[in-house]
Amino acid sequence: MCRSIYVYVLFRPKGCPVKQSNEATQGELTPAQAFDALYAFCAPALVRQTYLLTGRRELAREAVERAFQQAWQHWPEVARDRDPAGWVRATAYDYALSPWHRFRLRNPEPDPPPADTADRALLNALLKLPPSYRRTLVLYDGVGLGLPETAAETEASTPAAASRLTHARAAVAARVPELADPAALHRRLAELASTERPHATKPTTVRTCGERRTRFWTRAAIAFTVAIIGSTALTLRTAPTRYEPPLAPPQAVRGVPPKAALGPLSHAELDLRAKLRKEAGHGPERLMPDIR
């Protein structure tokens with residue numbers, strides 16, 4: 001059985017009837033019309049849910065818009081999915097809980113806490129939980145998914161999801177004792193989410209931004225590929241065709257005695273030089289020594 005209209009508007013649990021538009025009753029929707037209908041149906045509730053995960057309004061809106069942009073990029077896959085809203089929700093949660101947001105230069109400080117004391121205590125208790133526990137608690141006690149669906153969306157086994165849920169409930173109850181009852185916790189999550197009134201971007205703007213982002217990254221990938229091909233061709237053009245061993249750098253040799261300079265000739269050497277100059281330049285006299 002569906003939950004009350006109040007909770008349905010906040011979290012949109014599966015299984016509740018959805019009022020069809022006149023376009024849907026008259027004929028088959030175009031991809032853009034189907035996307036716009038899904039966005040109008042899920043975006044406000046997803047922003048509220050993502051705010052419970054992050055405690056940041058701008059990050060929640062950005063995560064939901066990025067999720068819908070990816071959904072539009074993969075629309076044939078999303079349109080054939082058994083639960084398109086679950087596909088977008090999982091993508092938005094993944095983006096919102098990404099650890100890379102801590103390195104962002106934009107919005108370094110957390111948003112101001114809720115004015116109500118009870119809402120502030122619940123939000124602080126949620127943000128103190130590990131991301132996987134927080135996501136499990138919001139999906140089960142907030143969105144209203146069953147335990148197997150919660151385990152599948154958080155990429156955990158059913159016993160692991162049950163353990164996370166139990167520890168998350170215990171941690172919240174330790175900080176806010178009046179929320180030890182799961183029904184009370186679900187009601188307070190809905191009330192905390194209802195305090196946020198997100199101004200969702202128009203679906204046409206989301207589709208346009210997604211297409212623009214796709215074109216940008218496609219062109220960047222093409223430019224990068226062309227640069228790689230060009231650098232490879234230049235390397236093949238200028239690289240040597242055979243192995244050339246590298247020349248060792250010159251080094252000064254130390255410890256070698258200096259070359260001795262020629263001194264004056266002795267009398268015997270002077271007589272020998274004079275004798276050699278007087279004799280013929282060729283002949284055995286120049287080759288055979290004079291034995292004395």
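## Close-up views of a predicted model

V138 counts as buried, because its relative accessibility is 0%.

View 1. When the neighbours within four places in sequence are left aside, the residues in contact with V138 are Q49, L52, L53, Y93 and V143. The C-alpha atom of V138 also lies 8.1 Å from that of L189, although the two residues are 51 apart along the chain.

**View 2. The crossing of helix 3 and helix 8.** Two packed helices are described by the angle between their axes and by the distance between those axes. For helix 3 and helix 8, the axes come within 10 Å and cross at roughly 140°, and this angle makes helix 3 oblique to helix 8. The crossing in which helix 3 passes helix 8 is right-handed. On the side of helix 3 the contact is made by Q49, L52 and L53, while helix 8 contributes R134, R135, V138 and V143. Among these residues, V138 is the one shown in the opening view, where Q49, L52 and L53 were listed among its contacts.

**View 3. The salt bridge between R135 and D94.** The side chains of R135 and D94 meet in a salt bridge, with a distance of 2.6 Å from N to O. Are the two partners buried or exposed, given relative accessible areas of 10% for R135 and 46% for D94? R135 is buried, because its value of 10% is under the 20% limit for that class, whereas D94, with 46%, is partly exposed.

View 4. D119 forms a salt bridge with R188, and the closest N and O atoms of the pair are 2.7 Å apart. Here too distant parts of the chain are linked, with D119 in helix 7 and R188 in helix 11, 69 residues apart. Both D119 and R188 are buried. Salt bridges that share partners join D119, R188 and E191 into one network. In total, the structure holds 7 salt bridges.

View 5. E58 forms a salt bridge with R61, in which the closest N and O atoms are 3.0 Å apart. Both residues belong to helix 4, and because they are 3 residues apart there, about one helical turn separates E58 from R61. E58 counts as partly exposed, with a relative accessibility of 39%, and R61 also counts as partly exposed, with a relative accessibility of 26%.

**View 6. The packing of helix 4 and helix 12.** Helix 4 packs with helix 12, which spans residues 203-238, at an angle of about 70°, and the axes of the two helices are 9 Å apart. Helix 4 and helix 12 are therefore roughly perpendicular to each other, and their crossing is right-handed. From helix 4, the residues E65, R66, F68, Q69, W72 and Q73 meet V206, R207, C209, G210, E211, R213 and T214 of helix 12.

**View 7. The largest nonpolar core.** In soluble globular proteins, nonpolar side chains tend to be buried together. The largest nonpolar core of this model has 44 residues, and those with the most contacts inside it are F68, V88, L122, L126, L137 and V172. Among the elements that give two or more residues to this core are helix 3 (31-54), helix 6 (84-96), helix 7 (117-127) and helix 10 (158-175). Helix 3 gives the most, with 10 residues. What is V172 in contact with, once its neighbours within four places in sequence are left aside? The residues in contact with V172 are L122, A125, L129, L137, L179 and L185.

**View 8. E155 in the loop between helix 9 and helix 10.** E155 has its place in the loop between helix 9 (147-153) and helix 10. Most residues other than glycine have a negative phi. Phi of E155, by contrast, is near 55°, which is a positive value in a residue other than glycine. E155 counts as exposed, because its relative accessibility is 74%.

Definitions and conventions
Residues are numbered from 1 along each chain as its sequence is written. This is a predicted model: local features need pLDDT of at least 70, side-chain atom pairs count only at pLDDT 80 or more; totals for chains, interfaces and linings use all residues. Side-chain values use heavy atoms; hydrogens and water are left out. A nonpolar core is a set of buried Ala, Val, Leu, Ile, Met, Phe, Trp, Tyr and Cys residues joined through side-chain atoms within 4.5 Å. Buried means under 20% relative accessible area, exposed over 50%, partly exposed in between (1.4 Å probe, protein chains only). Helices (H or I, at least four residues) and strands (E, at least two) are DSSP runs, numbered from the N terminus. Contact means heavy atoms within 4.5 Å. A salt bridge is a side-chain nitrogen of Lys or Arg within 4 Å of a carboxyl oxygen of Asp or Glu. Axes are lines fitted to C-alpha atoms, for helices over the stretch in contact, and angles run from 0 to 180 degrees between N-to-C directions. Angles under 35 degrees count as roughly parallel, over 145 as roughly antiparallel, 65 to 115 as roughly perpendicular and the rest as oblique. A crossing is left-handed if the near helix is turned anticlockwise from the far one by less than a right angle, and right-handed if clockwise.
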